[in-house]
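Subject: Structure for you to look at, with notes

Dear colleague,

Here is the structure that I said I would pass on to you. Please have it open beside this email as you read.

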Amino acid sequence: MNAPDADAPLIERVKRGDVKAFEMLVVKYQRRIERLIGRMVRDVDLVPDIAQETFIRAYRAIPQFRGESAFYTWLYRIAVNTAKKTLGELKRDPLITESARAIRDDDDETSRTENELSDGETPESLLASKQVAEAVNSAIEALSDELRQAITLREIEGLSYEEIAESMNCPIGTVRSRIFRAREAIALRLRPLLDARQGLRW
Amino acid sequence: MPNGSEINASMAEQLSALADGELEDTGVSAVLGAWRTSESARSRWHSYQLIGDVLRSEDLASSAGKDASFLAALRTRLAGEPVVLAPEPLVPQPVEPMWPAAANGSAAGGRTAAAGRRWSWIAPSAVAAGFVAVAGMLMVTQAPTPGVDSGATLASSRPSTAGAVVAGVSALGASGSFVEPTALVANGQLIRDARLDRYLAAHKQFAGVSVLGTPSAFVRSAATDAPKN
């Protein structure tokens, strides 16, 4: 996982009022947070809403984040609390429980089966995810040893540039360049998959 | 969001370095600028982050469309939020003599005028609760000997939570020390309290006397804010 310091530059900016810096952090952690919430909540349709709520609460609480724990650890706790709170509210609200029951009855008539896909996935999006994973794997294998080692030490071992430089016996600038080129090579292979659809706008 | 043009290799490399927390401050500013104007920059950041996620765990693989929709929805909600501010402490300022005895013949005397303008305080009533946190106060003590600024002791209080205004007096140092708090900056703006300015102006004539003889109403005990080096 990333060293806690990796988020420090962006967090500093958020604390200075830069909401765009927060957006960058959201893009970084959204998938992990949604996976976490998906494990706590059986109704997959709730996941994006709870995730949204999590990030809003984190944004509001940024002044209280002091870097004593990793940012993701802090975010994780907010996600868990938000999920629990949401589930608790659903239980207590008789109106929602009733309609949920009604919805479930409708579902029995539709195509929802025991093998319901997680995370609101459709067969198409599940295929897309699989293709993304395969593309990343084959791109990694196609890298030169130096590039593959650099990005592996960074992304999987979580070493800093300085540590990687020491490990690979090269200057820090070379580490930075190798990691960048590795990412670019993989991103190039992902581009047709990720940009496939129209209206897919960042 | 504006779409802008394709980013160049240099910007892409900066995005990559920032993803690792290994980009210097000016680079961070440049990246945030690109984020605002270039869809290519946003898409690239997403790709880099997705690659990292997938390397660690394949079940985090995702279609970009889903992720982009998530951010678009969040952006709408964020637009409705008040901007959060957690001001950062200033870099410690050099100690400056404040009384005439020190100013006479002292090379540092010329800097006294500057000291007054660095005074700053956030009055509790001026703070929107929850949105401004006093990040810390740097208190500088000066040895009674005029012109000597190497004896200064710097202490800083730790960042405090928002909601209540805190002025942490971390160290008052040796007896007869003059204490000069440095400025508090909220979003780049100094915030003044005229009462404190007058108090200090009145006391700076008394050489060797601690300005804050007794804790004022604005000052909270150091015991509640552990000083940190």
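Predicted model: local features only at pLDDT ≥ 70, side-chain atom pairs only at ≥ 80, totals over all residues.

Residues are numbered from 1 along each chain as its sequence is written, chains are lettered from A and ligands numbered from 1 in the order in which they are written, and side-chain values use heavy atoms, with hydrogens and water left out.

Chain A

Chain A has nine helices and zero strands, where helices (H or I, at least four residues) and strands (E, at least two) are DSSP runs numbered from the N terminus. Of the 202 residues in chain A, 45% are buried, and buried here means under 20% relative accessible area, with exposed being over 50% and partly exposed in between, for a 1.4 Å probe and protein chains only. Among the contacts in chain A with a separation of 6 or more, 58% are between residues 24 or more positions apart, a contact being heavy atoms within 4.5 Å.

Helices that pack across the two chains

Two packed helices are described by the angle between their axes and the distance between the axes. The axes are lines fitted to C-alpha atoms, for helices over the stretch in contact, and the angles run from 0 to 180 degrees between N-to-C directions.

Helix α3 of chain A (residues 46-61) packs against helix α4 of chain B (residues 64-79) at an angle of about 45°, with the axes 10 Å apart. α3(A) and α4(B) are therefore oblique to each other, given that angles under 35 degrees count as roughly parallel, over 145 as roughly antiparallel, 65 to 115 as roughly perpendicular and the rest as oblique. On the α3(A) side the contact includes P48(A), F55(A) and Y59(A), and on the α4(B) side it includes F70(B), L74(B) and R77(B). By class, the contact of α3(A) with α4(B) holds nine nonpolar, one polar and two charged residues, where Ala, Val, Leu, Ile, Met, Phe, Trp, Tyr, Cys and Pro count as nonpolar, Asp, Glu, Lys and Arg as charged, and the others, Gly among them, as polar.

Helix α9 of chain A (residues 172-194) and α3(B) have axes that come within 9 Å and cross at roughly 105°, and α9(A) and α3(B) are therefore roughly perpendicular to each other. Among the residues that meet here are F180(A), R183(A) and L190(A) from α9(A), and R44(B), Y48(B) and I51(B) from α3(B). The contact of α9(A) with α3(B) divides into eight nonpolar, one polar and four charged residues.

Aromatic pairs

Over all chains, a search of the whole structure finds nine aromatic pairs; rings of Phe, Tyr and Trp (its six-membered ring) pair if their centres lie within 6.5 Å, and planes under 30 degrees apart count as stacked, over 60 as edge-to-face and the rest as tilted. The ring centres of F22(A) and F55(A) are 6.5 Å apart and their planes are at 75°, so this pair is edge-to-face. The pair links distant parts of the chain, with F22(A) in helix α2 (residues 19-40) and F55(A) in helix α3 of chain A, 33 residues apart. F22(A) is buried at 1% relative accessibility, and F55(A) is buried at 1% relative accessibility. F55(A) also forms an edge-to-face pair with F70(B), at 5.9 Å centre to centre and 75° between the planes. Because F55(A) lies in helix α3 of chain A and F70(B) in helix α4 of chain B, that pair joins two chains. F70(B) is buried, with a relative accessible area of 6%.

L71(B), in helix α4 of chain B, is buried with a relative accessible area of 1%. Not counting residues up to four places away in sequence, L71(B) touches E23(A), V26(A), V27(A), W202(A) and W35(B). Q49(B), found in helix α3 (residues 39-56) of chain B, counts as buried at 5% relative accessibility, and on that basis of counting Q49(B) touches V27(A), K28(A), R31(A) and A19(B).
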